[in-house]
Each structure stands twice: as C-alpha cells, then as structure tokens.
Amino acid sequence: MLTTVLRGLAAASLAVLPLTLSTPAHAAEALPLSEAVSRLPVDAESRDGYDRDAFKHWNSGDDPADGCHTRNEVLIAEAVEPPTIGLRCRLSGGTWFSYYDQVEVTSASGLDIDHMVPLAESWDSGASAWTPERREAYANDQGAAASLVAVTARSNRSKADQDPAEWMPPAGEVHCRYVAEWVGTKLRWNLSADEAEVTALHETAAGCPDQSVTYEPAP
C-alpha cells in the first residue's frame, strides 16, 4: 500500500530533494525550512463556529477492504514491530516509537494518533471555509507521512490544539523535524499562520540550517 511505503521512509516528509527540480502541479516540492516558513500565508485566526464533529474521523481508511479504520491503518504502518491483526482489525502486540517524547510503546491503547496540525488549528487557519468532504479528507490524511503520527497519549494531550508558538515536543532534539512537519502540513493544505506562530517558526528554523521540508499539495 502506498501509504505504508511513504510512512516506511525515514522522515519522508523531510527528505532532501533537488531544489532546482521542475515539478508539475501537485508534485512534491522541497525547500529549506526557513524558505518554507516564508511561504506560509499570514493571517489572523478565528475559532468562531468550530466543532470537532465537523471533521469526520476516523473513516474506513485508505483501504476500506482491509476492515481497518484510519487510526488502525496508521498504527499498522508506523509500527516498529508489527502488531498482530485480528478479527475486525483488533491489534495485539507490536511496538511503536513516540518521537515527540522519545518513548517506546508496546500497546496500541497507549497511543494517540495526532493530527500534526490539530483540527481546531486547521479550522482557525482556513478549514472553516472547506466543504465537509474536504475536512474529512484532512482529518484522515494518509497521503503524507507527517499528517498523522502515532505518539503517546500523554504527549498528544499535552499538545492539545496548540501551535508551535505555544507548544513544542518535550524532546528538544526533534524540534527541527517537528517544525518542518508542521510547516509542510500547512503548505500541503494551504493553511495560514498567525503572526506569533510565524515568529516562533522562524526562530526555530534559524537553528535548523540543514533542515528541509518536502510537501505535496493535497488533492
């Protein structure tokens, strides 16, 4: 499955590609992190009218025939040691690595699937104007490795709906990766950023001179 291949690549969203490559519409584009931050449209955010239920998830996933919803498909794809898949996609065993806090997890029940850019933040940044179908596509996006990430429930709930001006992963060594994946997700979905967010992103990017961002616009 294409999703599995994408997730199986080490930090696929951050891979370095030739910056001079001429690419057609909807093809992957790579650029330095600082430049990627500069491409974000800057706008004020509003949470007026937000309802988490406006983003249907989890749906039947990339492969409805496999009997697994999006959450379990992500868990299967991101497992370091694959779990056993039982009746109705019940998962047992397996090992995962939560990169936010550098913790090994040996039970699927100990993991949350984090939306890299939280649903509420996406609403604030442009998703409020989307159709219900596009919001569902966003909430279940497995077309980019960084869109959905299996992390410890504790780290995900600590993050909540905060942007990088308000929250960063507790493991400082992953901040460059995290910010690159955040920016790549926003560019993929053409989401804006507010001024405080952009300032924080630029500050982090200044300390990540070798970090690149690869993203492909969402269909």
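Predicted model: local features only at pLDDT ≥ 70, side-chain atom pairs only at ≥ 80, totals over all residues.
In the protein chain, 73% of the contacts between residues at least 6 apart in sequence join residues at least 24 apart. The chain holds 8 helices and 8 strands. Of its 219 residues, 48% are buried. The protein chain exposes about 10,600 Å². Carbon and sulfur atoms supply 52% of that area.

Strand β8 spans residues 212-215. Both of its faces are covered. S212 and T214 lie on one side, and V213 and Y215 lie on the other. All four residues are buried. Strand β8 pairs with strand β1, which covers residues 29-32. The pairing is antiparallel and runs over 4 bridges. Within β8, T214 is the bridge partner of A30.

Aromatic rings were examined next. A search of the whole structure finds 12 aromatic pairs. One of them joins Y99 and Y100. Their ring centres lie 5.1 Å apart, with 80° between the planes. This geometry is edge-to-face, as the angle is over 60 degrees. Both Y99 and Y100 are buried. Y99 also meets a charged residue: R177 lies over the face of its ring, at 3.6 Å from the ring centre.

Ring pairs also build a cluster. Its members are Y50, F55, W123, W130, Y138 and W189. The charged end of R134 sits over the ring of W130, 5.5 Å from the ring centre.

Definitions and conventions. Residues numbered from 1 in each chain as written. Heavy atoms only, no water. Buried < 20%, exposed > 50% of the residue type's maximum accessible area, 1.4 Å probe, protein only. Helix = DSSP H or I, 4+ residues; strand = E, 2+ residues; numbered from the N terminus. Pairing = 2+ DSSP bridges. Contact = heavy atoms within 4.5 Å. Areas by Shrake-Rupley, 256 points an atom, 1.4 Å probe, with all protein chains shown as cover. Phe/Tyr/Trp six-rings, centres within 6.5 Å; stacked < 30°, edge-to-face > 60°. Lys NZ or Arg CZ within 6 Å of the ring centre and 35° of its normal.
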